[in-house]
Amino acid sequence: MKKIASLCALLCWTALLVAADFNYGLKPRQIAPGTYVLEGRNEDFSFANGGNIVNTGFIVTEAGVIVIDSGPSLRYGEQLRQAIAAITDKPVLRVFITHAHPDHFLGNQAFPAATLYATSAAKEQMQREGNAFAENMYRLNGDWMKGTESLPPAQTIGAGRITLGGHELELLPLHGHTASDLALYDRTTGVLFAGDLVFNHRAPTTPHAHIADWLASLDTLESLTRQPGFTRLVPGHGTVTADAAPIAETRAYLQWLTSTIRQGAEQGEDMNEVMAHTKPAAFRDMAVIDSEYRRSVGHLFPAAEQEALKPHRH
Amino acid sequence: MGSRHTLLVIALLWTGLTMAAGPQVDPLDSPRWGDMRKQFFANGKVVFDPLVKVTAPEVAEDPMNVPVTVDATALGKVQTVLVFADFNPILHALSFSPRSAGAYLGFRIKLQQSSPVRAAAKTADGVWHVGGTLVTTTGGGCTVPSTGSASPEWQQRLNELSGRVWQQDDSERLRLRIIHPMDTGLSGSTPAFFLQQITVSDAKEQVLMVIEPHEPVAENPVFTLRLPGTAAADGSGKRIQVKGRDNNGNRFESWVEQ
């Protein structure tokens, strides 16, 4: 018993030490030739995880490093650069930001401004809302955010194929999770970086979602996974897979979410009643489903309710 | 057998004692309860009563739209219900007086920070029955401008009503939405601008409920009411009459049709 107590004390102390030096402990994992992913925790933002709930990645090419998303804070961005430097001494060529959510772009300050790229719509959203996002992240993650400010990318990109350092990259500006979601398909390695259009066993977030567009974008991504060269799917949150299962799961969840909310509104339920619905067995084990479902009802129910209450519809 | 009786007597005595002991302990353990009691009930008799059910999410992700459902129907006849949040800059969120409708109301409020949300239902004997729940939120709901105040749309559609009636087992459910910015006056230079009174009646002008919203009620308020199965309809399709006014003297009168 005493042993257990001292072990607990030691663990607590270790946890404190880890938090005090704000080390995310980033460990790049190789998933394809020259291609690495840093998987975040399947959690909500907290003082304990410092916002590291997101997947970032990078591709080491002959000409330099291509980074996908810069993470939730300046500290994360700096530690991501250190993690890259531990693997290669090549310079960072480009940082592609998939979309304007704070966990994906608040590490931008750690990279040279000229290397940062996003779609113009994502850039506009960062310009409009970036500082409010950063402020909220301080509230949620505390001192991990020290020094972090919103830095929208200088460069904008559209659809098309580009070749960088011998890697042929297909840029897919899609939308639905936000007004602009960039997916990247590396035709050289067969790795699909899906951004937050795909979640793996972590309930999707919907604060800026347009569900019909999102479902259409999932179809586009799924067709890429059917191509013969496809090898890996990197979701924005959750584990990397060698198949399209997370796409099917994200689709099924979004379909259940919208039909639950629409039917609730049609049947005269109020927001509390819709929030109280039990989740189907298929989704019950998803990480953070209780809080995300509540949030999504808050985001999506008012429009469904407005539709159901429309005057003179009978 | 004898010892059982003794126990019963002790239990009864104990219940009597706790009831006579005056102010009960706040089940939500809020440091503001003493002030709430003074402010809202002065010398009135107040009891914490589980028959007054207040439902709200444990964690409210959107502090501008915290859904609250008050159900005091288990008390039987209720004169009026006050709803307040101990830690809001404007404490009093809303009152409602059920007439022929049940003592039941769903609505949404703005919360500035985590707070108990309480409902106090006054019965005919003058006793206030208080129920409540804790809501955790990141806050900021009362000092953020309404979407409406930044958009010209509400000016054209101010006080526009939409609504619908659903049949339920032995009663009916009415849901109403009214377009109004519900500005608290706490955000920048936007003055307080909010609905103050809403009277809901049936087709024979029998009053079902009077609702008195205050500033903390969320923008474009939505209300859920439980109507007796007997609310009168007329042949023309007009079902429920809703009359109201805001603090700037704008009045509206509209029908929910069926």
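A definition to begin with: two strands pair if DSSP finds at least two bridges between them, and helices (H or I, at least four residues) and strands (E, at least two) are DSSP runs, numbered from the N terminus. This is a predicted model, in which local features need pLDDT of at least 70, side-chain atom pairs count only at pLDDT 80 or more, and totals for chains, interfaces and linings use all residues. Residues are numbered from 1 along each chain as its sequence is written, with chains lettered from A and ligands numbered from 1 in the order in which they are written.

Chain A, then. S9(A) is joined to strand S10 of chain A (residues 181-186) by six bridges, and the two run antiparallel. Leu171(A) has Leu184(A) as its bridge partner in S10(A). Their hairpin has six residues between the strands, and Gly176(A) there takes a positive phi near 135 degrees.

S9(A), residues 167-174, also pairs with strand S8 of chain A, residues 160-164, in the antiparallel sense over five bridges. Opposite Arg161(A) stands Glu170(A) in S9(A). This hairpin has two residues between the strands, and Gly165(A) has a positive phi near 55 degrees.

Now the contact between chains. Chain B gives 23 residues and chain A gives 18 residues, where contact means C-beta atoms, placed from the backbone, within 7 Å. On the chain B side, S10(B) gives the most, with four residues. That side divides into six nonpolar, nine polar and eight charged residues. Here Ala, Val, Leu, Ile, Met, Phe, Trp, Tyr, Cys and Pro count as nonpolar, Asp, Glu, Lys and Arg as charged, and the others, Gly among them, as polar.

Note on methods. Contact = placed C-beta atoms within 7 Å.
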